[in-house]
Amino acid sequence: MARTRFALLLLASALLMGACSMRSMAIKQTVGLIKESMPAFEQEWDYELVERSLPANIKTVEGFLVSAPKDVDLLLMLSRAYSAYAMVLIEDRMEREKAAADAADAEEAPEADRQRLRAREMYSRAHRYGLRALEERRPGFTEAFEKGREKLDEALAGCDKDDVAGLFW
């Protein structure tokens, strides 16, 4: 009886461990596929298609990040995607709104101001994801960043070419 319970406990443990391992493996493979597909957005000529699909793709990647919150590839993808979204789409809208207000001799451009604030928020998100990626690769980097130039210079001295994406985006 005790052996049977032990065997069942061992079997249940093995199944649970296998399930966790399978989940982890599935996430890693999906992250790899997403990473490989990123150039499709960068090479897309149809601006409207990118404008309509990028937000949903960003949120999908954020969904994967919930399951793998320390995945550096996901963090870097999000940093890059939010930067691109702000620069290419939101800032473009902002500039169009400014131009329309100027053409109408309007003193204010409230929609341009709203888009500027949105761009700032998206850049801020990109920054936070990039910093998280750096923290995963270089524990203590965030603290150094917050402590000022001298500590940041020390942290940067320990960086290598694999850290460039996190630093750039």
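Asp163 sits in the loop that joins α6 (149–157) to α7 (164–168) of a predicted model, in which local features need pLDDT of at least 70, side-chain atom pairs count only at pLDDT 80 or more, and totals for chains, interfaces and linings use all residues. Residues are numbered from 1 along each chain as its sequence is written, and side-chain values use heavy atoms, with hydrogens and water left out. With a relative accessible area of 1%, Asp163 is buried (buried means under 20% relative accessible area, exposed over 50% and partly exposed in between, with a 1.4 Å probe and protein chains only). The C-alpha atom of Asp163 is 7.8 Å from that of Arg137, and 26 residues separate the two along the chain.

Gly158 is also placed in the loop between α6 and α7. Its relative accessibility is 42%, so Gly158 counts as partly exposed. Between the C-alpha atoms of Gly158 and Phe141, 17 residues apart along the chain, the separation is 9.7 Å.

In the protein, seven helices and zero strands are assigned (DSSP runs, H or I of at least four residues for helices and E of at least two for strands, numbered from the N terminus). The order of elements from the N terminus is α-α-α-α-α-α-α. Of the 169 residues in the protein, 28% are buried.

Two packed helices are described by the angle between their axes and the distance between the axes. For α3 (residues 72–103) and α4 (residues 110–137), the angle is about 165 degrees and the axes are 8 Å apart; axes are lines fitted to C-alpha atoms, for helices over the stretch in contact, and angles run from 0 to 180 degrees between N-to-C directions. The two helices are therefore roughly antiparallel to each other (over 145 degrees; under 35 is roughly parallel, 65 to 115 roughly perpendicular and the rest oblique). The contact of α3 with α4 has 17 nonpolar, four polar and 11 charged residues (Ala, Val, Leu, Ile, Met, Phe, Trp, Tyr, Cys and Pro count as nonpolar, Asp, Glu, Lys and Arg as charged, and the others, Gly among them, as polar).

The loop between α3 and α4 contains Asp105. Asp105 is not a glycine, yet it has a positive phi of about 55 degrees. This residue is exposed, at a relative accessible area of 69%.

The largest pocket holds about 490 Å³ of space (a pocket is an open set of points on a 1 Å grid over the protein atoms alone, where a 1.4 Å probe fits, with protein on both sides within 12 Å along at least five of seven lines; lining residues have an atom within 4 Å of a point). Its lining has 23 residues, of which Met38, Phe41, Glu42, Leu54 and Ala84 are the closest to the centre. By class, the lining comprises 16 nonpolar, three polar and four charged residues. At least two lining residues come from each of α1 (2–42), α2 (47–67) and α3.

Note on methods. Grid points are joined across faces, edges and corners, and a volume is the space filled by probe spheres set on the points.
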